[in-house]
Amino acid sequence: MFLAQRRLCFLDSRAKFLKTIYSSKILGLPTSAKMSLKIINAKRIEGLDSNVWTEFTKLAADPSVVNLGQGLPDISPPIYVKEKLSEIAAIDSLNQYTRGFGHPSLVKALACLYEKFYQNQINPNKEILVTVGAYGSLFNAIEGLIDEGDEVIIIMPFYDCYEPMVRMAGATPVFIPLRSKPVDGKKWSSSDWTLDPQELASKFNSKTKAIILNTPHNPIGKVYSKEELQIIADLCIKYDTLCISDEVYEWLVYTGNKHLKIATFPGMWERTITIGSAGKTFSVTGWKLGWSIGPNHLIKHLQTVQQNTIYTCATPLQEALAQAFWIDIKRMDDPECYFNSLPKELEVKRDRMIHLLESLGLKPIVPDGGYFIIADVSLLDADLSDMKDSNEPYDYKFVKWMTKNKKLSAIPVSAFCNAETKLQFEKFVRFCFIKKDSTLDAAEEIIKAWTRQKS
Amino acid sequence: MAKRLPARRLDGIDHNPWVEFGKMASEYDVVNLGQGFPDFPPPDFAVQAFQLALSGDFMLNQYTRAFGYPPLTKILASFFGKLLEQEIDPLKNVLVTVGAYGALFTAFQALVDEGDEVIIIEPFFDCYEPMTLMAGGHPVFVTLKPSPTGDGELDSAGNWRLDPTELASKFTSRTKALILNTPNNPLGKVFSKAELELVASLCQQHDVICISDEVYQWLVYDGHQHVSIASLPGMWERTLTIGSAGKSFSATGWKVGWALGPDSLMKHLRTVQQNSVYHCPTQGQAAVAQSFQHEQLHFGQPSSYFVQLPQAMWRSRDHMVRSLQSVGLRPVVPQGSYFLIADISDFKSKMPDLPGDVDEPYDKRFVKWMIRNKGLAGIPVSIFYSRPHQKHFDHYVRFCFVKDESTLQALDEKLQKWKDELRP
């Protein structure tokens with residue numbers, strides 16, 4: 001029925017089109033353009049046009065709203081990072097193109113830093129690629145390595161771009177949720193959210209090209225343990241599967257936790273792309289620099305994508321980043337090193353945020369890493385009756401209500417789920433705590449008033 | 001890993017000619033006229049704009065709006081709105097990208113589908129073909145052909161034309177897009193209004209999208225006018241106009257570009273953007289916005305960079321045209337862009353057997369020989385042609401003249417030495 005309609009529409013438009021051409025020719029008038037049939041998008045982007053951030057960033061743009069939604073710091077980057085960029089911007093040659101796969105001094109610094117964590121040396125030219133943010137690395141990895149018909153395992157909730165990127169590559173996402181078992185008498189922690197090993201094994205088959213891992217995890221804040229990573233590694237090796245490991249929050253782990261790189265597990269270097277982010281490392285999300293590290297037989301394909309997409313990343317930013325890295329590489333054991341000082345600073349903010357959410361009667365999940373906290377907001381039993389659009393999941397409505405009525409914004413966690421499983425997480429909302437004290441103070445005021453209103 | 005790597009969309013597009021020549025140019029002591037970037041700094045006001053972006057609000061270190069930093073999309077909309085005589089909405093009709101390269105990629109991915117045909121005019125900026133292939137498209141080539149020049153006369157880029165009948169024959173019901181580049185890289189041709197009208201009428205007749213790469217739009221010489229095809233009747237609704245801050249402000253390393261077009265097309269580019277890079281770096285965009293403010297204030301006046309730069313490059317072009325002739329290279333005088341191509345046929349007849357692979361085009365072998373023996377780097381023009389046509393156009397080398405006076409003097413020194421070596 002639908003096909004027939006489309007065919008009729010096509011024929012109808014074609015007839016109109018021909019009629020226009022014919023009459024224009026007779027009158028000697030230029031053919032005027034009209035709504036054409038061919039100006040339609042490529043199939044690869046079909047259904048990928050909606051995006052949670054566009055909607056919610058707009059909502060939170062109101063300056064009177066305390067924005068705990070989008071994951072960007074409102075704290076200043078470290079002074080030396082800003083200073084380096086200023087110095088570098090004055091150097092003439094750094095205003096022109098640099099090496100496409102990564103500015104030489106930057107790939108060198110990255111190799112030097114990450115070699116400390118891997119058993120092997122890292123070749124800066126063959127085993128590293130600098131990209132437009134970690135987002136760009138994800139894109140290059142997926143476009144370079146994932147084909148139509150492949151399956152890619154995505155762990156839910158997931159950073160929202162994984163699904164559309166996999167679909168854009170013509171592949172099928174296969175989802176597996178993290179499941180939680182809150183323990184009575186103990187604070188609900190991100191480590192309580194785990195993958196069922198049997199369930200995970202059932203998702204792998206001969207078509208599984210890759211699994212996307214995110215540790216520390218956005219939005220839950222889970223830091224995968226050695227045992228958990230071993231289970232994933234064993235399956236990757238058994239099924240000859242790639243691992244795309246999104247480790248942008250690698251430095252942001254809190255007391256009692258350690259970030260582990262799956263690429264360092266036996267048999268994993270040759271099948272893993274490890275992704276990092278300058279934005280998250282140095283609190284400079286607007287620099288949009290990220291990197292992929294892996295064996296040359298994988299990285300070379302990401303490099304091919306790079307030379308056919310953006311070719312090269314901005315030069316002055318890469319040089320400044322290299323210099324910032326050198327400063328901190330030299331003092332990795334020093335508490336002043338940003339890789340150490342930032343998580344310390346954030347742990348305090350995390351604890352403050354947990355306390356605030358608890359005071360509101362919520363049960364937040366204490367993150368072991370990252371800079372987000374999720375909490376089940378249905379306990380608040382907010383009156384959302386005035387929110388239109390009843391098709392939206394609960395958390396979407398809640399966030400819109402909270403932004404409008406409480407001037408506090410957050411992000412609905414069902415945005416990090418696929419269409420079929422949105423309901424599993426629709427009671428959860430994500431709060432970002434990499435915010436300056438005054439922002440958290442303002443959030444505290446709102447929450448205190450809200451608490452008073454409830455009692 | 002036993003599984004097939006890479007993804008099939010990378011088939012045939014992994015080779016990168018630039019890597020080879022870039023490497024060679026850095027290994028030898030050469031005057032590098034190969035890759036297209038200025039070896040002089042951006043204008044002061046642009047450098048200051050960047051400094052301002054870095055020392056101002058520290059929140060410029062964080063994400064901005066994904067489709068473009070608002071002050072930048074605003075100024076691009078007003079600046080190009082005037083030029084194209086079109087109402088341009090900063091939110092719906094402007095997308096900021098990672099260089100013009102990023103805009104091209106985004107356009108191809110958004111609009112070119114498996115089996116779609118894309119008409120590419122040869123010689124072409126080399127990424128058009130692999131980008132078409134990566135999108136599953138089928139490139140259809142049509143060649144600019146030079147008419148014979150009189151004895152002793154220099155060839156001109158304007159002399160290279162499309163045959164209208166041949167061009168029309170390239171359009172089929174599968175043609176999705178035509179990619180136009182004016183001023184053209186590597187030839188330096190500036191398409192005339194009449195030539196654009198021909199392209200426009202065919203695009204409209206066949207309902208084809210025009211992707212217009214206009215990165216060198218300010219760099220026109222000899223009084224030639226750059227015309228944006230989007231400004232012709234009936235074309236705005238089917239054209240994407242691509243520009244570059246790198247080329248506009250001599251700051252190629254900032255990697256800020258843009259696409260302008262109707263919302264019906266732009267919305268699809270936005271979908272690709274949000275699923276590929278999502279945001280572009282904020283501070284570079286702030287610097288470009290500020291730089292455009294400067295240009296808007298000075299537009300059309302002698303103090304405008306878009307007036308000063310082409311005037312200065314016109315002189316550089318003339319200098320290079322004169323100099324190259326002294327050793328028997330025969331430049332094709334460009335009407336615009338950063339580049340000229342020089343005919344090396346005389347060398348091909350005098351030294352046909354330069355070292356190289358058996359199927360390596362002559363111009364590639366010549367460039368390698370020139371780098372090794374004459375201390376001069378250029379780019380073989382055959383890389384800007386489709387594989388089957390390379391053997392017909394293997395007798396040109398591309399040189400970039402957007403260089404500092406000292407570089408042109410160094411060029412003269414190398415050429416003098418070369419000339420001395422030519423004497424029997």
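Leaving aside neighbours within four places in sequence, Gln86(B) is in contact with Gly81(B) and Trp236(B), where contact means heavy atoms within 4.5 Å. Gln86(B) sits in the loop between α3 (70–84) and β2 (94–97) of chain B. Helices (H or I, at least four residues) and strands (E, at least two) are DSSP runs, numbered from the N terminus. At 26% relative accessibility, Gln86(B) counts as partly exposed; buried means under 20% relative accessible area, exposed over 50%, and partly exposed in between (1.4 Å probe, protein chains only). Asp420(B) is 334 residues away from Gln86(B) along the chain, and the C-alpha atoms of the two are separated by 56 Å.

Before going on, a word about what you are looking at. This is a predicted model, in which local features need pLDDT of at least 70 and side-chain atom pairs count only at pLDDT 80 or more, while totals for chains, interfaces and linings use all residues. Residues are numbered from 1 along each chain as its sequence is written, chains are lettered from A and ligands numbered from 1 in the order in which they are written, and side-chain values use heavy atoms, with hydrogens and water left out.

**Where the chains meet**

Now for the interface. Here 82 residues of chain B are in contact with 85 residues of chain A. Between them the two chains bury about 7100 Å², 54% of it on carbon and sulfur atoms; buried area is the accessible area (1.4 Å probe) that two parts lose on being put together, summed over both.

How many salt bridges does the rule find across the interface of chain B and chain A? There are three, a salt bridge being a side-chain nitrogen of Lys or Arg within 4 Å of a carboxyl oxygen of Asp or Glu. Glu143(A) and Arg9(B) meet through their side chains in a salt bridge, at 3.5 Å from N to O.

On the chain B side, the elements that give two or more residues include α2 (44–55), α5 (128–134) and α10 (282–298). With seven residues, α4(B) gives the most to the side of chain B that touches chain A. That side divides into 41 nonpolar, 28 polar and 13 charged residues. In this count Ala, Val, Leu, Ile, Met, Phe, Trp, Tyr, Cys and Pro are nonpolar, Asp, Glu, Lys and Arg are charged, and the others, Gly among them, are polar.

**Backbone details**

Next, look at some backbone angles in the loops.

| Feature | Residues | Angle |
|---|---|---|
| cis peptide bond | Met156(A) and Pro157(A) | omega about -10° |
| cis peptide bond | Thr182(B) and Pro183(B) | omega about -10° |
| positive phi, not a glycine | Lys288(A) | phi about 50° |
| positive phi, not a glycine | Asp207(B) | phi about 55° |

Pro157(A) is found in the loop between β3 (151–156) and α6 (162–168) of chain A, and Pro183(B) in the loop between β7 (175–181) and α7 (193–205) of chain B. Lys288(A) lies in the loop between α9 (278–281) and β10 (290–293) of chain A. Is Lys288(A) buried or exposed? It counts as buried, at 6% relative accessibility. Asp207(B), in the loop between α7 and β8 (209–213) of chain B, is also buried, with a relative accessible area of 8%.

**A strand in chain A**

Finally, follow strand β2 (residues 128–131) of chain A. Ile128(A) and Val130(A) point one way from this strand, Leu129(A) and Thr131(A) the other way, and all are buried. In a regular strand the side chains alternate between the two faces of the sheet. Four bridges join β2(A) to β10(A), and the two run antiparallel. Ile128(A) has Ile293(A) as its bridge partner in β10(A); two strands pair if DSSP finds at least two bridges between them.
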